[in-house]
Amino acid sequence: MQKKSKKNSAFAQHKSLSIQFSLDGFSFCISNSDTKETLLFTEYTFTSSIASPELLLDKIIRIFDTDKDLQQDFTSVFAIHQNNLATLVPNKLFDRNNLVPYLKYDVKTLKTDFITYDLHNVIAANTVYIPYVNINNYLFQNFGEFEYKHHSTVLIDKLLNYSENDSEEQFFVYVSSSHLDIVVCKEGKLLFYNSFSYNTKEDFIYYILFTAEQLQMDPNSFQLTFIGDIEKESDIYSITYTYIRNIHFMNPINSFFADSEDFSNHSNFILIA
């Protein structure tokens with residue numbers, strides 16, 4: 001397990017905690033509750049993907065027990081569940097009292113699974129998903145009441161706000177170590193969203209080109225914007241550039257990582273943007 005941190009020297013009496021976790025890692029951001037200024041960002045990357053939510057909880061407990069930055073009082077806590085156990089449902093097709101059918105075609109569910117949903121702030125849709133209940137229980141024991149959402153809910157809403165004034169179609173790819181989320185939008189309206197698992201660089205580019213083909217977007221003309229765990233030196237960037245020439249990295253409004261040697265400005269859009 002590898003740890004990287006960046007700290008702002010500013011002091012705050014009241015602090016908020018935002019955390020994001022997946023089977024690949026855990027990260028958290030501490031900010032000033034009054035000014036929203038980012039004070040600290042820390043990322044733990046697991047050397048190998050965790051096999052189950054139970055083992056993930058063991059890792060998280062160990063982090064909370066050893067990281068003194070997490071052993072503080074916070075005015076609010078917000079948790080982001082990052083997994084592929086989710087689907088997007090338009091409001092006109094949504095029944096909050098019958099969530100199971102929405103997942104049955106995309107996710108292998110068990111009768112004991114707890115299924116919940118997030119209401120989007122920007123679009124008339126809901127993200128239906130399975131959160132890591134054991135981790136929610138642990139957070140409740142530590143902090144009491146807290147808010148949580150699926151990572152795709154946060155990602156989509158942020159990107160729609162980010163691109164609301166763009167008249168051209170925007171093709172965003174949010175990259176994790178074994179997953180990619182593709183969000184296509186125009187003038188603040190969502191045209192496409194999906195999440196894919198990949199093992200090789202060929203898998204990675206296949207999903208991008210397949211999505212572009214389905215949307216009739218020409219790889220020689222549309223702009224692709226990368227966010228997350230990807231750099232120009234990576235194989236997945238190189239193979240993408242072979243097929244798509246107009247590639248950019250996200251340039252968030254928040255400049256917290258501008259002078260960082262450990263983090264790229266585009267790397268943690270969901271927690272810091």
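Tutor: Let's start with handedness: a crossing is right-handed if the near helix is turned clockwise from the far one by less than a right angle, and left-handed if anticlockwise. In this predicted model, the crossing of α1 and α3 is right-handed.

Student: What makes α1 and α3 roughly parallel to each other?
Tutor: The axes of α1 (residues 53-66) and α3 (residues 133-143) cross at roughly 25°. Angles under 35 degrees count as roughly parallel, and therefore that is the word for α1 and α3. Their axes also come within 9 Å.

Student: Which residues of α1 and α3 meet?
Tutor: From α1 there are Pro53, Glu54, Leu56, Leu57, Ile60, Ile61 and Phe64, and from α3 Asn134, Ile135, Tyr138, Leu139 and Phe143. Sorted by kind, the residues of this contact are ten nonpolar, one polar and one charged.

Student: What lies under α3 in the sheet, and at what angle does α3 run to β2?
Tutor: Helix α3 lies across β2 (15-22), β5 (76-81) and β9, and runs at about 160° to β2.

Student: What is the strand order in the open sheet?
Tutor: The six strands are ordered β1-β4-β3-β2-β5-β9, and the pairing is mixed.

Student: Why are β1 and β9 called edge strands?
Tutor: Look at the pairing of β1 (2-7) and β9 (147-150): each pairs on one side only. Across this sheet, neighbouring strands are turned by 15° against each other on average, ignoring direction.

Student: How do you know that β3 and β4 pair?
Tutor: Pairing takes at least two bridges, and seven join β3 (residues 25-32) to β4 (residues 38-45). These two strands run antiparallel. As one example, Ser27 has Glu43 in β4 as its bridge partner.

Student: Why does Lys36 count as exposed?
Tutor: Exposed means over 50% relative accessible area, and Lys36 has 62%, so the word applies. Lys36 sits in the loop between β3 and β4. Its phi is positive, about 70°, although Lys36 is not a glycine.

Definitions and conventions. Residues numbered from 1 in each chain as written. Predicted model: local features only at pLDDT ≥ 70, side-chain atom pairs only at ≥ 80, totals over all residues. Heavy atoms only, no water. Axes fitted to C-alpha atoms, helices over the stretch in contact; angles between N-to-C directions. Helix = DSSP H or I, 4+ residues; strand = E, 2+ residues; numbered from the N terminus. Parallel < 35°, antiparallel > 145°, perpendicular 65-115°, else oblique. Contact = heavy atoms within 4.5 Å. Nonpolar A, V, L, I, M, F, W, Y, C, P; charged D, E, K, R; others polar. Buried < 20%, exposed > 50% of the residue type's maximum accessible area, 1.4 Å probe, protein only.
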